[in-house]
Amino acid sequence: MECHLCRLPDNTALKQQKLPTHRLHFSAKKILFIFFATGIFCLCMGIILLLSAKSTQEIEINYTKICANCAKVRENAFNFDKECTCSIPFSLTKKMKGNVYMYYKLYGFYQNLYRYVRSRSNRQLVGKDVKAVNSCAPFKMFHNETPIVPCGAIANSIFNDTIILSYNVNSSLQIPVPMLKTGLTWWTDAYVKFQNPKADNLANAFEGTTKPPYWQKPIYELDKEDPGNNGFLNDDFIVWMRTAAFPTFKKLYRHLNRTQHFTAGLPAGNYSFNITYNFPVTRFYGKKSVVLCTTTWSGGSSLYIGLAYTVTGAITWLAAFSMMAIHMGLKNKKMPIIHQSNEALKEKAENRNGQ
Amino acid sequence: MALCAKKRPPEEERRARANDREYNEKFQYASNCIKTSKYNILTFLPVNLFEQFQEVANTYFLFLLILQLIPQISSLSWFTTIVPLVLVLTITAVKDATDDYFRHKSDNQVNNRQSQVLINGILQQEQWMNVCVGDIIKLENNQFVAADLLLLSSSEPHGLCYIETAELDGETNMKVRQAIPVTSELGDISKLAKFDGEVICEPPNNKLDKFSGTLYWKENKFPLSNQNMLLRGCVLRNTEWCFGLVIFAGPDTKLMQNSGRTKFKRTSIDRLMNTLVLWIFGFLVCMGVILAIGNAIWEHEVGTRFQVYLPWDEAVDSAFFSGFLSFWSYIIILNTVVPISLYVSVEVIRLGHSYFINWDKKMFCMKKRTPAEARTTTLNEELGQVEYIFSDKTGTLTQNIMVFNKCSINGHSYGDVFDVLGHKAELGERPEPVDFSFNPLADKKFLFWDPSLLEAVKMGDPHTHEFFRLLSLCHTVMSEEKNEGELYYKAQSPDEGALVTAARNFGFVFRSRTPKTITVHEMGTAITYQLLAILDFNNIRKRMSVIVRNPEGKIRLYCKGADTILLDRLHHSTQELLNTTTDHLNEYAGEGLRTLVLAYKDLDEEYYEEWAERRLQASLAQDSREDRLASIYEEVESNMMLLGATAIEDKLQQGVPETIALLTLANIKIWVLTGDKQETAVNIGYSCKMLTDDMTEVFIVTGHTVLEVREELRKAREKMMDSSRTVGNGFTYQEKLSSSKLTSVLEAVAGEYALVINGHSLAHALEADMELEFLETACACKAVICCRVTPLQKAQVVELVKKYKKAVTLAIGDGANDVSMIKTAHIGVGISGQEGIQAVLASDYSFSQFKFLQRLLLVHGRWSYLRMCKFLCYFFYKNFAFTMVHFWFGFFCGFSAQTVYDQYFITLYNIVYTSLPVLAMGVFDQDVPEQRSMEYPKLYEPGQLNLLFNKREFFICIAQGIYTSVLMFFIPYGVFAEATRDDGTQLADYQSFAVTVATSLVIVVSVQIGLDTGYWTAINHFFIWGSLAVYFAILFAMHSNGLFDMFPNQFRFVGNAQNTLAQPTVWLTIVLTTVVCIMPVVAFRFLRLHLKPDLSDTVRYTQLVRKKQKAQHRCMRRVGRTGSRRSGYAFSHQEGFGELIMSGKNMRLSSLALSSFTTRSSSSWIESLRRKKSDSASSPSGAADKPLKG
């Protein structure tokens, strides 16, 4: 009781709810400005994107049906070691300029199933412990004793067709188009996420393990010529291991090595794909195709984002105009300034007098 | 601290023997220790956890956690649920622990109060909690009674003592308690120490006005009644000391039995929230079922064939079973639609609001040094929805201080305050008060501002002298003079005290009285008047008179009473004076003062003798004694000469009329529930502007029977109906009246009405078959005053409104008699800083001035409601936007319960990335500055109508959330499905998609909160920008090489952030998503602002315009008030005190100079007092009365 004001609350802005502040006030002008600006931005973006998407070229050849006989062979499990090739001729009417990328595209292959996505062992793939297969169900061990390398459903189901693009220089001469099979992955994938176990000989490093059931050759024989592309570091393997978000996806397979005839890209002419058909898709009613395309700064040839921007921009402008119309229409009416306040004040004044 | 009472079997009867602790211990009665706390250190953890898991939400999350431990179901890692759950449990536990700590503290404070206990023949200081049943304790003046006591003896004669029971029942007048004769002689300690009587009585109960028991002492039986009891919570007044025997202690006391268990109050938003959460659960199950069916179909059609690449789990043998499992998996994934952080965030926000109330300087009372206090932290937003306020009167609206304010003597009005220039002075600019130093006996605390009255007295104006002589003679005040010149008046009612004190200061000092004399110091000389008769006050007479013989031998009757009664009984010769005085009375009444008219009459000796004889005859009559006495009194109180009038101010608390006016403007209905008398209550109603003279009519319901009350209510309704018919367009309501739909009719009543109902009638009106009728009538009135109501009735009225009106009620009061009402209402407010703390302890909010209520409701309540609503809308929105994406993804991932986001994102989204900005908004947001919400009380209405968050708003939020989630999924989907990166590599990998969606989600909800926040403080900025920054920081950290090197299986997203977010396409996608999600919201708000602006928008706009136009000076018009004369005789004491004085029973023997006064049986006064009391309380206790005679 000695201190007179010790229970008096502090007079701070926070405690008295008087923090310095600015109130968001969107006046009609501001809002209309924002709408028009956004509209312009979206329209411009849309047009730019559409134009750039138009500048790319893409060719897609679905070979599920064309190589139907091979598919039949593959469906019979006893033919697993029989090779079946299939050649698909096609012609380019216009030349493809710049970097040309070759993809394989799968339809109806679910790389995003919950159990599928989890069925891998990063510990194994980073080379720390090749026998770490705990998270790889249902492809952990072969006959419950030998650990599988690389384990898991993702690795087991790797796309294993071989696609070779040939260029018919003239009717008699057919040369393979030079393609690069490395440089298809992110830096972090190739240098951080995937590492071969440390050993002099790669084969020794994988001793005591076995290849996945659907594989034809073990991991250390994926690319015998290039040790930098062998084992876990094989680019095709790494690309496959980066699972797709949707059941239809394309993955980069090769890209053009711009030498000889091909320094400026793929010239117009006749080509053919020679495909070694291994990957069975008919079993799950899927489809596969091979895609050749060029890119620009915004990526591939998708019109979707450009269209989306254009439409958004158009709608925004439409909305902005109708809002402006409403605003103009109401301008004469003016926003009501309330007069009820006067009543309240009057009442207050009255009370003061009454007291 | 000793542990308090354990559970005992119910008692049949109670036995307590004085001074015999061993004997009493056998019964194991509760000790006087009070425990309101819930935990101690050991029991805290288990009990608190048990309580917390009784919350449905917490159990639900525990259940989810268990589900996640089943590997076939688990679609998230265990920590996504356990981290938030643990966080929530911890925060709640900390809060509970602090609450309980304060309860411990307050318990300790009460339990450690000191009292004097007689132990082994010596008085010893003991703490309250150590007082036991059977102890004899000594109380001193102004001390709180520590337990329920049987009064044994007191310093006053005949074992009388005075108590104030305001704490218990709210009645502020003093009450008399008397010890039974045999014990009243036990005055000193040695006698008391030998006292070994045994009391056998009823078991503990909560009836405040009843007690029955028997005292066995020295082989004799003595019946005991409530008249002998001092209850815990009372305060001893005007009694130096008394001794009492503890009968009930601690939890058994009537006070504690009355307080009952605190009900856990929930706000309407809480209830709505629980309903909505249940709906969401239902929605969740629906989604689960849809996705499970999808899964079964997918597995059947596609999955079976896809088994080459991904065989089914060993446990799964059919597509159907797979669907069943995926149902549970989806329940786990989608559980974030009902985030556990919802509950804890709501608590945090409410806590913040409570602190703002505690910190509010404008609700700090300088005089009493008490800040406002939010005692519960769970009700804040309900403060913004109040529709009915139930207020106590004494101590809440009024200060319970009566001040002699003005008077009219012989046609001259005194008491107006003039400033130097001769204008009527306004409040706060008063000159110096009148100097009473000439009078050594003056009361220093008495203040009067008009010096002319004192001059008139000093000049010897005979009228003025007669005026004050009347005031010093005509009353039932007792005086006490401890030292020479130190006078203390024991007045039964504060207004009578005020009058006598006024006379005292103006030189007519009432010094002492005996049953037959009154001694007055008139201007320095002592004069003794012979008191011939007191014609006491009662409700019908509304006046009191004394007949005195002055030293010269002249007999004079002095009378004071209500103007309505007295003005008719004046001599016709005073007509002119009457007119002036009437004008003055009107003026006083217009200022809300309580007025009394004073008159006198000279009686000649013979007439008096003859009259006295007839009076004696009448008082001895067996039948209709009252009526005969009344007519004899009537006869003598006629043809009186008018002296003047007094005006007493029942001092209102500061700012009460303003507050009531403002709250009324905010469409809040105010009902006054008071234990006081009708006149007093109505007077206060006028002075605090609840009742005004503009009102069409004030209905007064005073019926004593069911039929009368029903009739009166019906008449009131008819009148309202009639007037609205005449006002309306001739539509007949009569048919509707007969139908049961009273509501619709009465809501449209034109004109302002008020209803005054008293306790008797209320008891009938609250019966089951009439309560609706009463409620409809009352609710059609602008103001309702219930007088003479019991604490229980207060609660009943509140309950009635709660039950049928579905409106939020607030009860405000200061005394223990308000506790029941405070507990019943949705929100209870206690006035603190008074002597009692019962009301405060039971309340949810407390502050020391009624006027703070406007700030509590219009500022804090309104903001709280607004913030809470905005918070909830946003919260549901953000979680639907977040969670529904999984649902859409289900259609593209074979319904395999794959999540869109990284599991860390799911864990952190609610507790880190999006929690703080919305909390900051929920705590700090303001739509209009605080002054505006006082200026425009209509701003309060959205809360009452529940407009800001209701089922419709909820669906809008949900719709917005779902809309956002659709765009959030399908825009990136469309982009990713076809596109590649600029380096030709695949763009549409799962991890990039996850990062893109997560990033756009965080950005969209941040922009959305930015739009929702109306009041950007530095904290909001910090939290919103901070959350975004933290999101990116954590994202890059989680995707860093270092973490991957350490835990390759846990941090699978290595390198994802830098690779994905380096892509222009990804950013273009994010921007597009944001634009498409936000623009419609902005457009919608624009349209609402232009086409259907609500009041707060308009206020903001008005302010903006004002600022630009430079506010013009507004002149405030002064509005004159028309006064009306109202009867102001409002003594709050009960009749019968006059008789007490004349019998001399309550006077000290020493002061009884004339000992031969007793003309009647000495105990008769008590008997008649009792009878009257029991009549009014309708609780005959005749059995207890009889033995007192002998």
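## Core, chain and helix

Leaving aside neighbours within four places in sequence, F273(A) is in contact (heavy atoms within 4.5 Å) with I61(A), C86(A), S87(A), I88(A), F90(A), M102(A), I163(A), I164(A), L165(A), V290(A) and L292(A). This is a predicted model, in which local features need pLDDT of at least 70 and side-chain atom pairs count only at pLDDT 80 or more, while totals for chains, interfaces and linings use all residues. Residues are numbered from 1 along each chain as its sequence is written, chains are lettered from A and ligands numbered from 1 in the order in which they are written, and side-chain values use heavy atoms, with hydrogens and water left out.

F273(A), W240(A) and L266(A) have the most contacts inside the largest nonpolar core, a set of 217 residues. Such a core joins buried Ala, Val, Leu, Ile, Met, Phe, Trp, Tyr and Cys residues through side-chain atoms within 4.5 Å; buried means under 20% relative accessible area with a 1.4 Å probe, protein chains only.

| Item, chain B | Value |
|---|---|
| Residues that count as buried | 60% of 1190 residues |
| Contacts at least 24 apart, among those at least 6 apart in sequence | 74% |

Helix α18(B), residues 625-636, has 12 residues and reaches 17 Å from first C-alpha to last, close to the 16 Å expected at 1.5 Å a residue, a span counted over one less than the number of residues. Helices are DSSP runs (H or I, at least four residues). The buried residues of α18(B) are L629(B), I632(B), Y633(B) and V636(B). They lie on the same side of α18(B) because they cover an arc of only 100 degrees around the axis, taken from the directions to the C-beta atoms.

Methods
Helix = DSSP H or I, 4+ residues; strand = E, 2+ residues; numbered from the N terminus. Buried < 20%, exposed > 50% of the residue type's maximum accessible area, 1.4 Å probe, protein only.
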